[in-house]
Amino acid sequence: MASQFINLKSRLLNPYVVFAVWMLCTVWICITQSLAGPQNYNNFLVFRGVFDHLFSSLPLYEPYPLEYGDINHYGPIFAFIIAPFAVLPPWLGMSLWCMSLSLLLYWTVRQLPMPVVLTSLVLWLTLNDFYGACFKQQFNIAVAALVVGALAMIEKRREGWAALFIVIGTFVKIYGIVGLAFFFFVRRKGRFIGYMALWSAMALLLPLLFVSPEYLWSQYAAWAADIVQKNGENMFCAYTNISLVGCVRKISGSPAYSDLLIIVPAMVLFLLSYLRTGQYKHFSYRLTMLASLLLFIVLFSSGSEHSGYVIAALGMGIWWVNFPPPRTRPARMDAAPTGPVRQFLL
């Protein structure tokens, strides 16, 4: 019986099994959402609208009730990211969009320089929240993937790709800016800064090939105003602000104070971790910082919602496989699995 149980666990952590389950879940979502009709993929219609409206020089942050519900909250550059999917029939574009998000997250997790068994376990731990986010075509999947991908590319000394992931995440949904926390782990910092400047300039200027400067700057100003307005709307919203700052806000019932009273001390505590400069050389430490960042995004954002918990679930999974067993020294990531992972495998 024990040997059969061990064999079962080994099969579940087989990368081919994990990939098959991951893709089957994605395909199932694509099929069910396509058959259910446009009312079930409203988020994708909002994304699609960013493409249509930017290239028609229409306002990006106003309601279009005849096209979809809700309002766009993503940066102008998102029009170019969604473009390949927006030009297709809605059901097909939605399906390929979900498939792309799925493959991106799977690929970035696999790029982490960890044993395959550990990345398989991380994917299993993330699967449930990934399913919920993918069901709603959420860009939060890409946010999680871009943050993980940034560190993975830094570990591989591919500074250009790391910078690109951070820039995309920042110019689409702001959250990606947390990837700059990995700057201290970059070996070729000058090269990284150069790529950051290059990609940022391209993200800012690319739309100018299709729209006027006046229109573009007005949309960036409208985006900033939209973020402030959305933050206010999220304060006591039942289905957003599901975070630490939201918990304090809703328990206190007070709209008077600023979330910065909670966020700034949290940032200080996080930054204190960088004082352990002797730990920079250890991948286990860098992986812990990645997990902390992913959790930070959800815990201290007023925009946190249940479909955004794919970011936190990924952080939790990475932290768990990296957590050393009690009363032992931290293990190297290239050593045999320890702690919860070893207990799971034995």
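This is a predicted model: local features need pLDDT of at least 70, side-chain atom pairs count only at pLDDT 80 or more; totals for chains, interfaces and linings use all residues.

Student: Fine. How many helices and strands does the protein chain have?

Tutor: There are 15 helices and zero strands. The radius of gyration is 21 Å, close to the 20 Å that the globule rule gives for 346 residues, so the protein chain is as compact as a globular protein of that length.

Student: What box do the C-alpha atoms fill?

Tutor: Roughly 60 × 50 × 45 Å, taken along the principal axes.

Student: And what share of the residues counts as buried?

Tutor: Of the 346 residues, 48% are buried. The accessible surface is about 16,700 Å². Carbon and sulfur atoms make up 69% of that surface.

Student: What about contacts along the sequence? How many join residues at least 24 apart?

Tutor: Take the contacts between residues at least 6 apart in sequence: 70% of them join residues at least 24 apart.

Student: Charges next. How many positive and negative side chains are there?

Tutor: The protein chain has 23 positive and 13 negative side chains. The centres of the two sets lie 21 Å apart.

Student: Let's do helices. Is α4 mostly covered or mostly open?

Tutor: Mostly covered. Helix α4 spans residues 78–86, and seven of its nine residues are buried. Among them are Phe78, Phe80 and Phe85. Ile82 is on the buried list too, and so are Ala79, Ala83 and Ala86.

Student: What covers the buried residues of α4?

Tutor: The cover includes α3 (42–54), α5 (90–111) and α8.

Student: Stay with α8. How many of its residues are buried?

Tutor: In α8, 13 of its 15 residues are buried. Its length checks out as well: at 1.5 Å a residue, the 15 residues should span 21 Å, and the end C-alpha atoms are 21 Å apart, which agrees.

Student: What happens just after α8?

Tutor: Isoleucine 174 takes a positive phi of about 65° there. Isoleucine 174 sits in the loop between α8 and α9 (189–205). At 38% relative accessibility, it counts as partly exposed.

Student: Why flag a positive phi?

Tutor: Most residues other than glycine have a negative phi.

Student: What is phi of arginine 157?

Tutor: Near 60°, again a positive value in a residue other than glycine. Arginine 157 is in the loop between α7 (140–155) and α8 (159–173). With a relative accessible area of 40%, arginine 157 is partly exposed.

Student: Back up into α7. Is methionine 153 buried or exposed?

Tutor: Buried, at 2% relative accessibility; the cut-off is under 20%. Methionine 153 lies in helix α7.

Student: Which residues does methionine 153 touch?

Tutor: Leaving out residues up to four places away in sequence, methionine 153 touches Trp107, Gln111, Arg158, Trp161, Ala162 and Phe165.

Student: And where is phenylalanine 55 relative to methionine 153?

Tutor: The two are 98 residues apart along the chain, and their C-alpha atoms are separated by 32 Å.

Student: Last one. Where does phenylalanine 236 lie?

Tutor: In the loop between α10 (213–234) and α11 (244–252). Phenylalanine 236 counts as partly exposed, at 42% relative accessibility.

Student: What does phenylalanine 236 touch?

Tutor: Its contacts include Arg249, Lys250 and Pro255. Gly253 and Ser254 are also touched. Phenylalanine 236 and serine 254 are 18 residues apart in sequence, with 9.5 Å from C-alpha to C-alpha.

Technical notes:
Residues are numbered from 1 along each chain as its sequence is written. Side-chain values use heavy atoms; hydrogens and water are left out. Helices (H or I, at least four residues) and strands (E, at least two) are DSSP runs, numbered from the N terminus. The radius of gyration is taken over C-alpha atoms; the globule rule is 2.2 Å times the number of residues to the power 0.38. Buried means under 20% relative accessible area, exposed over 50%, partly exposed in between (1.4 Å probe, protein chains only). Contact means heavy atoms within 4.5 Å. Accessible areas come from the Shrake-Rupley method with a 1.4 Å probe; for residues, only the protein chains shown count as cover. Lys and Arg count as positive and Asp and Glu as negative; His and the chain ends are not counted. The place of a charge is taken as NZ of Lys, CZ of Arg, CG of Asp or CD of Glu. The expected span of a helix is 1.5 Å times one less than its number of residues.
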